[in-house]
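This briefing covers a loop residue, a strand hairpin and a helix. Please read it alongside the sequence and the 3D view.

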Amino acid sequence: MGAVTSAPHFNAAEFAGTFRGPLSCRYEILKQLGSGAQGAAYLVRMKEGGGEYVAKETHDMTPEGKEEFKLEFDKMRDMRHPNCTKVIELVEGKELIDGEWKEQLFVISELARGSDLYKYMRKALSGNATLTEEWIAGVYQQAMRGVAYIHSRGIVHNDLKPDNILMLEDFDPKNPNRVPSVVINDFGCATLSSDTFFKCGDLRYQSPESWRVIQQLMEGSAGEFQKLDAKADVWSMGATLFELLSGGLIPYIYRPCSMADISSSEELMFELRDNILEQDVQINPHCAGSSSEVQELLQQVFNKNPAERPSAAEVLIHSWFDIKGRPMDVSTQRKLEFKAMKGIAHTILLNALSAKVQRDHYQDCWRAFQEADRDQSGLIDMNEFKSACEKIGKNAPDAEVLFQQADIDGDQLVDFNEFMAMTFDWQSLNQVALVQSVRKLFADLDTDGTGEVDESELHSIFQGMLQPDELREAFQRMDVDGNGKISLKEMERFLLEPATKEDLECYAAKIAQPAEPGGSKQQSEAELLCGTILPAAVCLCLCWHGLVKLV
């Protein structure tokens, strides 16, 4: 019998290799997209061919940190599926920066022009799109296909959530209801079939079996901790779907909640854990107006027994994915906009109050800002911001986070007011001092000294940021008694008290009413920002600084 010759096995991973050399040899950095404690992301253009990509850099250049970063690349390089982020290559080298050779490590991946799920939805909802269950099903189905694919490869993601669901195409106002191409992203917490260790991501989306392991770890229980299986990802995708259908509520605690809220509040973390382990999910009334098909699906994916929970492949054959139309109710859409806009509101509040802070902070900031603003443009970029922060005692990681919070419009530049607002030590103000600052702000707005602020006086705080109809909506939101004037008490409540779930529902009902003749029928981001988002976001921000306690 003659020898049999077979074709070589095709390995997709070979197309995503490693380039050893400076990033600048192959790519031009166009702008920074984001930064956090673990690393930064940049929009880059390949010098040969002109294609645009995302370059993700790690800040942890210890041997362990580099190894973990490379491991994430290895997990992603073999994934060739339309609904998984594609990596292009790993770039490893040194770059001459400020006269010193700096070691660098980047993962280059495809660019998701539509950003993450919530940011895309914010653009869509402000661009006259009609949010329907059909649209959500179209997005969710693509993400679940990506999940089913990685599960078929023996990979468990462990950190699925709206932040890690990306839209490849940007929102198109000419085709506002189009379902974009969707990919799942961020495999930093993923485990392979050969792994035996436990790993998890965002606590808000963890399954009962994950929480049981977390609880054992917190109690210091001895024993081996087995990794989670693929059914844990199905639970996380269920929590993501619940959040979309409810307008931003986290299941089992049924209110908006950030990862920082969970991390900073032991009481809230234990409430979430206990409810997930002991309580049944409450779909109604939180997912108002949702179809019976999607409610049935949620019941299935929230089964506490992993053996009885459907697999990702089984979820994909559910009848809900055949749904047509079915617009989401107005309340849900407005709450989702609130979810997306929350971070921007923090900065606007801080800008408003920073004008009332101690004079010594103002002078220190002004000196540092002037030194950093080398071209005297009145604007500074990330590197200049970090340099200025160093002069007033802020370290580099803190500075990068503050910069992203201060950069409201995302142009990677901040002005002096934003710099001063974000670098002020709000913890140095007690609650009495904070209220006094708000009262000073009120006194400045009350230009005629009547003890009340009218709509024209309110305009000064926004300095032209709002259109007349938008300003009117914000004014009406603050004017609780409807007398056409804002009292000091109303101003304090607006700025310092959180928006409750009932507030959000009342506001959603209010803006759903038919517009008055001649009035605007469009609800803009700014209206939501000033109408409902600001009180809630303000409270979250102040709580984070230890100034106000949530009730």
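Contact here means heavy atoms within 4.5 Å. The model is predicted. By that contact criterion, and leaving out residues up to four places away in sequence, Asp116 touches Pro162, Asp163, Ile165, Leu166 and Met167.

**Asp116**
- The loop that holds Asp116 runs between strand E6 (100-110) and helix H2 (117-126).
- Asp116 is buried but has no salt bridge. The nearest side chain of opposite charge is that of Lys119, 4.2 Å away, and a salt bridge is counted within 4 Å.
- A polar atom of the Asp116 side chain lies 3.0 Å from the backbone nitrogen of Lys119.

**Strands E3 and E4**
- Strand E3 (residues 39-46) is largely enclosed by the rest of the structure, because seven of its eight residues are buried.
- Strand E4 (residues 52-58) pairs with E3 in the antiparallel sense, over seven bridges. Ala41 has Lys56 in E4 as its bridge partner.
- Five residues separate E3 and E4 in a hairpin. In the turn, Gly49 has a positive phi of about 110°.

**Helix H1**
- Helix H1 (residues 63-77) has 15 residues. From first C-alpha to last, H1 reaches 21 Å, close to the 21 Å expected at 1.5 Å a residue.
- The buried residues in H1 are Gly65, Lys66, Phe69, Glu72, Phe73, Lys75 and Met76.
- An α-helix has 3.6 residues a turn, so residues three or four places apart point the same way.
- The cover over the buried residues of H1 includes strand E1 (17-20), E4, strand E5 (87-97) and E6.

Key. Residues numbered from 1 in each chain as written. Predicted model: local features only at pLDDT ≥ 70, side-chain atom pairs only at ≥ 80, totals over all residues. Heavy atoms only, no water. Helix = DSSP H or I, 4+ residues; strand = E, 2+ residues; numbered from the N terminus. Buried < 20%, exposed > 50% of the residue type's maximum accessible area, 1.4 Å probe, protein only. Lys, Arg positive; Asp, Glu negative; His and termini not counted. Polar contact = N/O pair within 3.5 Å; in protein donor to acceptor, adjacent residues only side chain to side chain. Pairing = 2+ DSSP bridges. Expected span 1.5 Å × (residues − 1).
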